[in-house]
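The sequence and the structure are shown first, and the description follows.

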Amino acid sequence: MEAWNNVLTAIRGRLSAQVFETWFAPIEARELVDDRLSLGVPSGFFKEWLVNNYLELIRDAVNAEVGRRVEVEIQVDSRPSAEGPAGAGAEPDLAPLRRN
């Protein structure tokens with residue numbers, strides 16, 4: 001999505017390379033329909049971190065790119081990945097370990 005690529009370019013110039021690669025490179029733009037941009041992220045933790053730390057930056061960059069106020073919706077991507085059957089951002093199994 002060209003608009004999202006332009007947003008990423010604008011954001012990249014405002015952050016360190018490490019921060020950008022960690023928090024923005026994994027984001028997948030799903031769709032921009034009317035005044036709503038849907039983004040996919042790998043985990044619930046990732047979503048929470050973005051919302052708490054970068055949502056305003058994302059909104060400002062998106063609004064500047066499209067020239068209007070857009071609602072940014074962040075969803076956890078539940079599709080499986082090569083990293084494991086539960087997906088890239090799956091929460092670890094926290095069941096207690098039993099010793100035999």
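In this predicted model, Phe 45 is exposed, because its relative accessible area of 52% lies over the 50% cut-off.

**Aromatic pairs**

Six aromatic pairs are found in the structure. In the pair formed by Trp 23 and Phe 45, the ring centres are 6.3 Å apart and the planes meet at 50°, so the arrangement is tilted. An angle of 50° is neither under 30 degrees nor over 60, which means that the pair is classed as neither stacked nor edge-to-face.

Trp 49 is found in helix α3 and is partly exposed, with a relative accessible area of 33%. Once residues up to four places away in sequence are set aside, Trp 49 touches Trp 23 and Tyr 54. The C-alpha atoms of Trp 49 and Trp 23 are separated by 8.6 Å, although the two residues are 26 residues apart along the chain.

**Fold and sheet**

The secondary structure of the protein chain consists of four helices and three strands. Along the sequence these elements follow the pattern α-α-β-β-α-α-β. Of the contacts with a separation of 6 or more, 62% are between residues 24 or more positions apart.

The three strands form an open sheet in the order β1-β2-β3, and the pairing is mixed. Strands β1 (28–33) and β3 (71–76) stand at the edges; each has a single partner strand, so one side of each is left without a neighbour in the sheet. From one strand to the next, the twist averages 20°.

The loop between β1 and β2 contains Asp 34. The phi angle of Asp 34 is near 50°, a positive value in a residue other than glycine. Most residues other than glycine have a negative phi. Asp 34 is also exposed, with a relative accessible area of 65%.

**Burial and the interior**

Which share of the 100 residues in the protein chain is buried? Buried residues make up 29% of them. The table sets out the accessibility of selected residues.

| Residue | Relative accessible area | Class |
|---|---|---|
| Asn 63 | 17% | buried |
| Trp 49 | 33% | partly exposed |
| Phe 45 | 52% | exposed |
| Glu 2 | 62% | exposed |
| Asp 34 | 65% | exposed |

Asn 63 is located in helix α4. Apart from neighbours within four places in sequence, Asn 63 is in contact with Arg 68, Arg 69 and Val 70. Glu 2, by contrast with the buried Asn 63, is an exposed residue and has its place in helix α1. The C-alpha atoms of Glu 2 and Ala 29 are separated by 9.9 Å, and the two residues are 27 residues apart along the chain.

The structure holds one cavity of 30 Å³ or more. The space in the largest cavity is about 30 Å³. Its lining consists of Met 1, Ala 3, Trp 4, Val 7, Leu 32, Leu 37, Val 62 and Val 66. Two or more of these lining residues come from each of the helices α1 (2–12) and α4 (55–66). Which element gives the most to the lining of the largest cavity? Helix α1 does, with three residues.

Key. Residues are numbered from 1 along each chain as its sequence is written. This is a predicted model: local features need pLDDT of at least 70, side-chain atom pairs count only at pLDDT 80 or more; totals for chains, interfaces and linings use all residues. Side-chain values use heavy atoms; hydrogens and water are left out. Rings of Phe, Tyr and Trp (its six-membered ring) pair if their centres lie within 6.5 Å; planes under 30 degrees apart count as stacked, over 60 as edge-to-face and the rest as tilted. Buried means under 20% relative accessible area, exposed over 50%, partly exposed in between (1.4 Å probe, protein chains only). Two strands pair if DSSP finds at least two bridges between them. Axes are lines fitted to C-alpha atoms, for helices over the stretch in contact, and angles run from 0 to 180 degrees between N-to-C directions. On a 1 Å grid over the protein atoms alone, a cavity is a set of points where a 1.4 Å probe fits but cannot get out, and a pocket is an open set with protein on both sides within 12 Å along at least five of seven lines; lining residues have an atom within 4 Å of a point. Grid points are joined across faces, edges and corners, and a volume is the space filled by probe spheres set on the points. Contact means heavy atoms within 4.5 Å.
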